[in-house]
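Good morning, and thank you for joining.

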Amino acid sequence: MRAAARLVRVLGLPVALVLAWWAVTAGEDNFYFPPPTTVATTFVDVWVSGRLLDDVLPSVGRLLAGLALALAAGVGLGLLIGLSPRVRAVFEPALEFLRAIPPPVLVPVMLLVAGVGDRMKILVILSGCLWPILLNTVEGARSVDEVLGDTCRCYGIQGAARIRHLVLRAASPQIMTGIRQALSIGIILMVISEMFAASSGLGFAILQFQRGFQIPEMWSGMVVLSLIGVTLSVIFRQVERRVLAWHQGPRKRERAEGVRDA
């Protein structure tokens, strides 16, 4: 029963939206808003074919590459800035200035610097995904419990061991929050970057369908994007649950004890 209730909660709203879409478009002959049955048929014809290899996989590869680079740079720089007040004082004004620049505005600059290949698209994704990871890492490193810090000093835990066992562990909830935010930003930038001087990818395909007035194909591309987002979100949730098991376990026990006390 619990599994069935959970399934209803997860699928209830999407199913209701599809049914509403079907009810609104049933009997209509609107060229721009085809019924879901047409989109579903087009989806199979278009994407369950060579386009899966030609457009979907390259897009996902660029997204994951940009996210990986943003994770490495964001966590590394975030720890450096968060652990040193002097470094933070030097870099904070520049960070506030740079993060205010919308990443899509940087696409023409990236085209000049990196050309029209995959490197440009990965850099665009990196430029947007970096900030939530970096800023959350900085705040996580700054908010390390002082008592735990004193305990590490008393036991002689310093340097890399202190960063690994204390700082990263304490900052990991905020780092994971930053990664979750970066994931949604990365999908948006993946599409935008592929709409400029591209020859493959989901953004390129959707734009080509739109320019050719292939409306069902365009909508089916949006469905593919939604499925990618949902799949990556589910995978990330499982990874987050494993990484933060030490953090979520005590919180669940505290909530359970609070319910019993109430």
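One definition is needed at the outset: Ala, Val, Leu, Ile, Met, Phe, Trp, Tyr, Cys and Pro count as nonpolar, Asp, Glu, Lys and Arg as charged, and the others, Gly among them, as polar. Please also bear in mind that this is a predicted model.

With those classes in hand, consider the largest pocket. Its lining divides into twelve nonpolar residues, two polar ones and no charged ones. The space inside the largest pocket comes to about 410 Å³. There are 14 lining residues, and the closest to the pocket centre are Val18, Trp21, Val223, Ser226 and Leu227. Which element gives the most to it? That is α10, with six residues.

I turn now to the nonpolar cores. The largest has 45 residues, and those with the most contacts inside it are Trp47, Val56, Leu63, Met190, Leu202, Leu225 and Ile228. Helix α8 supplies the largest share of this core, twelve residues. A second, separate core consists of six residues, including Ile81, Trp131, Leu134 and Val138. To return to Ile228, its contacts beyond four places in sequence are Val56, Val60 and Leu202.

Is Met176 buried or exposed? Its relative accessible area is 8%, so Met176 is buried, the cut-off being under 20%. Leaving out residues up to four places away in sequence, Met176 touches Phe236, Glu240, Val243 and Leu244. Between Met176 and Thr137, which are 39 residues apart in sequence, the C-alpha to C-alpha distance is 9.1 Å.

Finally, the aromatic pairs, of which the structure holds two. In one, the ring centres of Phe33 and Trp219 are 6.0 Å apart and the planes stand at 50°, so the pair is tilted. Phe33 lies in the loop between α1 and α2, while Trp219 lies in helix α10, so the pair ties together parts 186 residues apart in sequence. Phe33 is partly exposed at 48% relative accessibility, and Trp219 is partly exposed at 23%.

The pair of Trp47 and Phe209 is edge-to-face, with 6.3 Å centre to centre and 85° between the planes. Because Trp47 lies in helix α2 and Phe209 in helix α9, this pair ties together parts 162 residues apart in sequence. Both Trp47 and Phe209 are buried.

Thank you for your attention.

Terms used. Residues numbered from 1 in each chain as written. Predicted model: local features only at pLDDT ≥ 70, side-chain atom pairs only at ≥ 80, totals over all residues. Heavy atoms only, no water. 1 Å grid on protein atoms, 1.4 Å probe; cavity = no way out; pocket = protein on both sides within 12 Å on 5 of 7 lines; lining within 4 Å. Points joined across faces, edges and corners; volume = space filled by probe spheres on them. Helix = DSSP H or I, 4+ residues; strand = E, 2+ residues; numbered from the N terminus. Core = buried A, V, L, I, M, F, W, Y, C linked by side-chain atoms within 4.5 Å. Buried < 20%, exposed > 50% of the residue type's maximum accessible area, 1.4 Å probe, protein only. Contact = heavy atoms within 4.5 Å. Phe/Tyr/Trp six-rings, centres within 6.5 Å; stacked < 30°, edge-to-face > 60°.
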